[in-house]
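Let's take a walk through this structure together, one region at a time. Please keep the sequence and the 3D view open as you read.

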Amino acid sequence: MKSHKRKGRNYANRGASAKKHKVDDSDKSQDWETFKAPKENKLLEEYYSRQFKGFLAEDELPLLFAKMKEALPASFRVVSSHFRYKMLAKLFSSKDCVKKILDISEYLITPQELAQKEKEKKLESELKKPIEENKTIEESKKVNAPENSDPKVLQEKMDDKELAVPLKKWDFYPDDLLYEIPMSRYELKKGEGGLRKLHKFIQQCNETGLINRQEVVSMLPPLILDVKPGMKILDMCAAPGSKTSQLLEKCFGDYTQHHNLKSEATRSGVVVANDSDYSRAFMLTHQLQRFDTASLLVLNHDGQHFPKLSFGQSKYQFDRVLCDVPCSSDAAIRKIPVKWKDWGTGSGFGLHPLQLRLLTRALQLTKVGGVVCYSTCSLNPIEDEAVVHALLKAHSPAVELIDAGELLKGFKHRKGLKEWHVMIENESKDGFVEYKTFEEVPKSLHGKIRESMFCEDGKEMERLNVERCIRVLPHDQNTNGFFMAIFKKHDELSESKKPVEAPEQKQAQATIKPTVNTEEQEVPKLIKAGQFTRIDPKDPESEYIQVFFGLESFPMHLLYAINGNMKTVILVTEAVNEFLELVAKQHSKDKINITNMGVKCFERCKSKYQGSACLFRILQGAAKYLLPYMAKRTVKCSLELFKLLLEKASVQLESILEEDTREAIKKLDIGCFLLYVEVEDSNGVMVKEPIVVHKADKHINILANKQDIISLKIQLLLD
């Protein structure tokens, strides 16, 4: 894998380190002691006092620096790809939400946890038995005192019910899905009693994909990109994946279409998530697996050299590209307080060239009429407006900076800087040395300070509309800082700068009809894209899957295996399949490293059950995709039985009260099947919710994992 390198500097590693703060709750490197460390840096405050002079009022600067020294409140977003997401949002917005959450938490203990608790309770009881026969009655009473008689325990339980932690709802975010807890995640984690249970519930919802813990400003780019269902999206520097999950939701619109292989949004929409660092790409895969989508591709490629793919004479380009680049991260200093100690101008100077190359490549990969969002979590104009200005200077009018502030109504933000200063630390004394023009820069610093970092006179800045950039400042509404610039592409980027044609004409030229498969089309040939190979529909194991589960009308050409081994079978959508066919045809120099894709659909059974003909089992993440196509091995049940199975994990066949359900299960051969219940979604519409179950001789048991069980439990408890 290539790295971002120049003159011995590993920009890939610097970028990965710079973006480490974005690993929201999976990043455990920061502890509470770090947040209590002194937060002082005179150079940082002097630097931004000079950069923001005239941009901010003098009395605002102390407010800015004071807010940057405070811990950041915890925030999260309700994920809209679940059938009761609106009910979950309603729970969080209610005045007594903490009390309701504590009530729900009592039902979320898994059978395994319950068994472990019983085991621990039994062991504790054994240890409490009097060892000596001559112990006094008082001692025996003390040893065997009821568990809830401890005053501290009773007070804790009382505090649970009376605990009031009103969650802040951010009204600018659509559908009431964004919430903030009025304390940092470290304070929440250290809490006792009800706070601890609230923290555990938030953790459980995050692990199951019902919510996504993410800072508020991090949620802005997917909103401002104005993604529509069915679009092709590229997240160029995607790890850890919080923004990618938002893009997935926007790309497929209503949650009912998310798992519908026939919907227009699913057939044409795809989200490609890329990161240049292998470990971060792997982490990206892990984070996005919570969302069970067949419309996702995870790539591990150097973003600045991302291949230009093509359909014959036509280019494969994206409708929207998110270019959230590696940066110095000082705008996120509330979450990375170590920046107070480590801050310097070197990171901004070092990352500027990489940021400009990434933005240029992002625009080259975007179709005419498409939109690119460039974003950083840096306050430094060298990484922000200077990059935007350099891009516009080189490629305007093919590229235009648009005013997207209307898409952030209700969220306070500022315009971009019209002028900034190029300053470097003074090695001989305190403060900075400033250079007004590139000609003033000593040749010894040309490797660090580039001509593209300087602003121009006011008229040129106005012509390029640099003030249309968007800045978010921490003290405006108690967030981290952030920077965004939204570009619209009117023409292909080129050295010759051809005249811009009418948008309609260019849009027509850029449109590529997807080569999706229809029932009338011939079954596509086998393809291999990296480690993934499309399964031959005529392969004996493939035919077995079709027959055993009754998948006669299922699009088998959307199934892939790793290196042709059907140990695990992966399902993708038509749009992902189109991308893979294209990748398979590229020259070796344009090959893309595909880390992961789609959703795991089938898995070869590891053990042989006596009398079982089931060679493959369905994986829970693909259950909703498969259910509409399965003519065999599906059984409808009552809500009571469904909940009972979620609670117990295993149910004896003879104990099932519903005769129709019991007899339908008995008729099945031993092996995997889908048990489903019909329930109302957030809109009052009846939907089918399946769970993967194994049928044995005398009982049935769940094959879903702990997170899937908890997700269904929570949603079924909401009303």
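In which sense do β27 and strand β29 pair, and over how many bridges? They pair in the parallel sense, over 3 bridges, with β29 covering residues 671-680. Two strands are said to pair if DSSP finds at least two bridges between them, and the elements themselves are DSSP runs numbered from the N terminus, helices being H or I with at least four residues and strands E with at least two. Before going further, please note that this is a predicted model, in which local features need pLDDT of at least 70, side-chain atom pairs count only at pLDDT 80 or more, and totals for chains, interfaces and linings use all residues. Residues are numbered from 1 along each chain as its sequence is written, and side-chain values use heavy atoms, with hydrogens and water left out.

Let's stay with that pair for a moment. Thr634 stands opposite Leu674 in β29. The sheet around them is open and has 5 strands in the order β27-β29-β30-β31-β28, with mixed pairing. β27 (634-636) and β28 (650-652) are at the edges with a single partner strand each, so one side of each has no neighbour in the sheet. From one strand to the next, the twist averages 35°. Helix α25 (residues 639-648) lies across β28, β29, β30 (686-695) and β31 (699-702), and runs at about 125° to β29. Such angles run from 0 to 180 degrees between N-to-C directions, with axes fitted to C-alpha atoms, for helices over the stretch in contact; contact means heavy atoms within 4.5 Å.

Now for another sheet. This one is open too, with 6 strands in the order β20-β21-β22-β23-β25-β26 and antiparallel pairing. Its edge strands are β20 (528-529) and β26 (616-618), each pairing on one side only. Between β20 and strand β21 (residues 532-534) there are 2 bridges in the antiparallel sense, and Lys528 stands opposite Thr533 in β21. Helix α22 (residues 540-549) packs on the sheet, where it touches β23 (565-571), β25 (599-604) and β26; the direction of α22 makes about 55° with that of β26.

Next, look at strand β13 (residues 366-376). Of its 11 residues, 10 are buried, so β13 is largely enclosed by the rest of the structure. Here buried means under 20% relative accessible area, exposed means over 50%, and partly exposed lies in between (1.4 Å probe, protein chains only). Strand β12 (residues 318-324) pairs with β13 in the parallel sense over 6 bridges, and Asp324 has Ser375 in β13 as its bridge partner. Strand β19 (residues 482-489) runs antiparallel to β13 and is joined to it by 6 bridges; Ser375 stands opposite Met484 in β19. β19 also pairs with β14 in the antiparallel sense, over 4 bridges, and there Leu401 stands opposite Phe487. Strand β14 (residues 399-402) has a covered face with Val399 and Leu401, and an uncovered one with Glu400 and Ile402.

A nonpolar core is a set of buried Ala, Val, Leu, Ile, Met, Phe, Trp, Tyr and Cys residues joined through side-chain atoms within 4.5 Å. The largest one has 119 residues, of which Phe487, Leu571, Phe579 and Phe602 touch the most other members. Helix α17 (residues 346-364) gives the most to this core, with 8 residues. A second, separate core of 102 residues includes Met183, Ile211, Leu248 and Leu641.

Where is Ile592 found? Ile592 is in the loop between α23 (574-585) and β24 (594-597), and this residue is buried, with a relative accessible area of 6%. Beyond its neighbours within four places in sequence, Ile592 is in contact with Leu299, His301, Phe306, Pro307, Leu309 and Phe579.

Lastly, the cysteines. The structure holds 0 disulfides, a disulfide being a pair of cysteine sulfur atoms within 2.5 Å. The cysteine sulfur closest to that of Cys327 is in Cys377, and at 3.2 Å it is too far for a bond. Cys327 counts as buried, at 0% relative accessibility.
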